[in-house]
There are 2 protein chains.
Amino acid sequence: MSGIDSVTIKLGTASYPVIIGAGVLADERVWVSRLNADGVLIVSNSTIAPLYLARLQSVLEKLNIPHQLCILPDGEQYKTLTTWQQIIDALLNMRANRKTTVIALGGGVIGDIAGFAAACYMRGIRVIQVPTTLLAQVDAAVGGKTGVNMPVGKNLVGAFHQPALVVADIDTLSSLPEREFRAGIAEVIKYGLIMDAGFFDWLQNNTDAILTKDAAALHYMVATSVAHKASVVSADAHEQGQRALLNFGHTFGHALETLTNYSKWLHGEAVAIGMLLACAYGEKTGRTAPEVTAKLNQLLGKIQFDISIPEDITAQNMIETMRSDKKASYAGLDLILLESIGAAVISRGHRPELLLKDFPMEYLG
Amino acid sequence: MSGIDSVTIKLGTASYPVIIGAGVLADERVWVSRLNADGVLIVSNSTIAPLYLARLQSVLEKLNIPHQLCILPDGEQYKTLTTWQQIIDALLNMRANRKTTVIALGGGVIGDIAGFAAACYMRGIRVIQVPTTLLAQVDAAVGGKTGVNMPVGKNLVGAFHQPALVVADIDTLSSLPEREFRAGIAEVIKYGLIMDAGFFDWLQNNTDAILTKDAAALHYMVATSVAHKASVVSADAHEQGQRALLNFGHTFGHALETLTNYSKWLHGEAVAIGMLLACAYGEKTGRTAPEVTAKLNQLLGKIQFDISIPEDITAQNMIETMRSDKKASYAGLDLILLESIGAAVISRGHRPELLLKDFPMEYLG
């Protein structure tokens, strides 16, 4: 369970490895032969750079790779076209060419904007993702989704641009604020729920080790999550089919985030409650086996998720918000539902009136 | 030679047809089954819209497809991120979803910015290219290159985003200014030079029919050019290998454009001179068969290309400019050269001192 793991995202000629382990960020062996001398632009933020930039720089110096820096302010409010253009300008200023590599050192925001800048500069240059949050390691950094937020909605402008390499250093999780770490676990639980009942059991049995950040437990948790994401992305890179299963809990979760202007919950927290609502709705409509919701509720409790929903969020405004989701279509909402723990399905055509009839009101405030 | 031609760009699941013919823009049969009811954004400019927008709108109305308009000012100076964002805003304002289609009605500038907006909106929605210039019909609209210019260079930000359909209406060429039409012929000649000696002969023998815009001649010329572009793009969508052959004449041509701040020549005119320089350099270095330059010179003369170069452009500043081209690398310039008419090769590692030694000075002013 210690050492270095490598999971391959299989996409034909665009395949790439995700390297997982404690200390891999500063491990020369991970980087050698995966960078060329045409230069690197490191994109990071003002919180992460003081913590981990020196480790990355020392590796690049050992390998004689010239690099420039683009350090952005920290926060989702900077995930904008304006910031994206700052990265483009940094590439232009360093006279980056088609062989220049962008290294995104940070959480999901940094990965998304740096990835989108790399996707567009000269119609696409290489990006290496170095995720430093749990959420980014198990989800955002793997799979090639990049983008920025627009005033009317999140990730409305972006590109699919697969990284050339992902380096997930477990050590960086130690600096993660407790609340962000916990929120990241929601996406981990998701993999158990949608495709791996055994992993769900493991999570139930290892909550303490995870919460105390036992290195071996974290390594196993991240590696297993990445392996699951890899299998889904490899089968469906552009989200035309099976990749949609990864959205389990997200349609409900996005509605919660939107209704509270993204001010109450971290993304993972909203997804946790969203998964609970999706399970409960599935049980009510007979699509989901009994007890699934109870088991999830119990696990979320052990991890001390607060699943309470403010009183002003109603089934009506939840459903109205879900209808304007970018995945919605004429024929009603497509939802990801569980048949049982470890088995998710795409369930189509949930019209508003049916959603309202079976909405799990008991979880509302 | 009359009627409708359809050439398929073969890219697996992303394959698409290029429909070529007189009147195809307003032909319902071309459009039916290729548009869905989720709405269309038509992007055009203030020159083209008064001429052809009504034809497109009448087809959409017959097919009951709701549509919105985004009419931009005409000119390459508007091929910017600011204009691109106007298109993104138009999509947001109409609440476009993942099934919305962008239709780009215009020349290369409209196709490039509208295509790039479609590439990025919700990480990629469908774009249909309706090129109305010869250059766009035989080159820009086919192959998926999209992008915008930056103050320091052209097409530095963009994406590969293949259209879902290309509709090349030969009738629209009648409104094209004579100079633009002539410039477009340079890219047509290029296909003859790099891959089809018979087509080069045909062009020599049909100059009059082309210049008088004989419908059958234009149809054959466009369809043959598209077929050649299709075969190259199908083999190499992302320009990793053979697609580079399409850059024949462009490295020299770009240098000419750059040195004159894009103010003296239209792109096609610069490419015509660029091809001549590439042939002459090829002959001087023994890579290109004798007489090729003379034959090209003769054909360009028949089409009344002005191949004179201003006196202040020297071999030295041409070479210096070519070195900063985005395709340049450490090991010297990669050039596309002809072995003979119909046979191009990638010739690597042309160092500045060698380029200078064999530069075809006789074509300079």
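This is a predicted model: local features need pLDDT of at least 70, side-chain atom pairs count only at pLDDT 80 or more; totals for chains, interfaces and linings use all residues.
Me: How many bridges pair S5(B) with S6, and in which sense, parallel or antiparallel?
Reply: Six bridges pair S5(B) with strand S6 (residues 126-131) of chain B, and the sense is parallel.

Me: And what about S3 of chain B, how many bridges join that strand to S5(B)?
Reply: Strand S3 (residues 40-45) of chain B is joined to S5(B) by four bridges, and these strands also run parallel. Within that pairing, Val102(B) in S5(B) has Leu41(B) opposite.

Me: Is S5(B) enclosed or open, then?
Reply: Strand S5 (residues 101-106) of chain B is largely enclosed by the rest of the structure, because six of its six residues are buried. The burial applies to both faces, with Thr101(B), Ile103(B) and Leu105(B) on one side and Val102(B), Ala104(B) and Gly106(B) on the other.

Me: Which strand does S3(B) pair with over six bridges?
Reply: That is S4(B), which pairs with S3(B) in the parallel sense over six bridges, and in S4(B) the bridge partner of Asn45(B) is Leu72(B). Together with helix H2 (residues 49-62) of chain B, S3(B) and S4(B) form a β-α-β unit that is right-handed.

Me: Switching to the largest nonpolar core, which residues touch the most other members?
Reply: The largest nonpolar core has 238 residues, and those touching the most other members are Val43(A), Ala117(A), Val43(B) and Ala117(B). Leaving aside residues up to four places away in sequence, Ala117(B) touches Trp84(B), Ile87(B), Ile88(B), Leu91(B) and Val102(B). Val102(B) is also one of the buried residues of S5(B).

Me: What rotation superposes chain A on chain B?
Reply: A rotation of 180° does so, with 0.0 Å of shift along its axis and an RMSD of 0.0 Å. That is how a two-fold axis relates copies, and the residue of chain A that comes closest to the rotation axis is Ala159(A), with its C-alpha at 4.3 Å.

Me: How many residues does each chain bring to the contact, and which elements of chain A are involved?
Reply: Chain A brings 22 residues and chain B brings 22 residues. Helix H3 (81-93), helix H4 (108-120), strand S7 (145-150) and strand S8 (153-160) of chain A each give two or more residues to the side that touches chain B, and S8(A) gives the most, with five residues. By class, that side of chain A has 13 nonpolar, five polar and four charged residues. The copies meet through the same surface, because 100% of the interface residues of chain A are also interface residues in chain B.

How values were computed. Residues are numbered from 1 along each chain as its sequence is written. Chains are lettered from A and ligands numbered from 1 in the order in which they are written. A nonpolar core is a set of buried Ala, Val, Leu, Ile, Met, Phe, Trp, Tyr and Cys residues joined through C-beta atoms within 7 Å. A residue is buried if 20 or more other C-beta atoms lie within 10 Å of its own, exposed if 12 or fewer, and partly exposed in between; C-beta atoms are placed from the backbone. Two residues are in contact if their C-beta atoms, placed from the backbone, lie within 7 Å. Two strands pair if DSSP finds at least two bridges between them. Copies are superposed by least squares on the C-alpha atoms of residues with pLDDT of at least 70 in both. Ala, Val, Leu, Ile, Met, Phe, Trp, Tyr, Cys and Pro count as nonpolar, Asp, Glu, Lys and Arg as charged, and the others, Gly among them, as polar. A crossover is right-handed if, with the strands pointing away from the viewer, the path from the first strand over the helix to the second runs clockwise.
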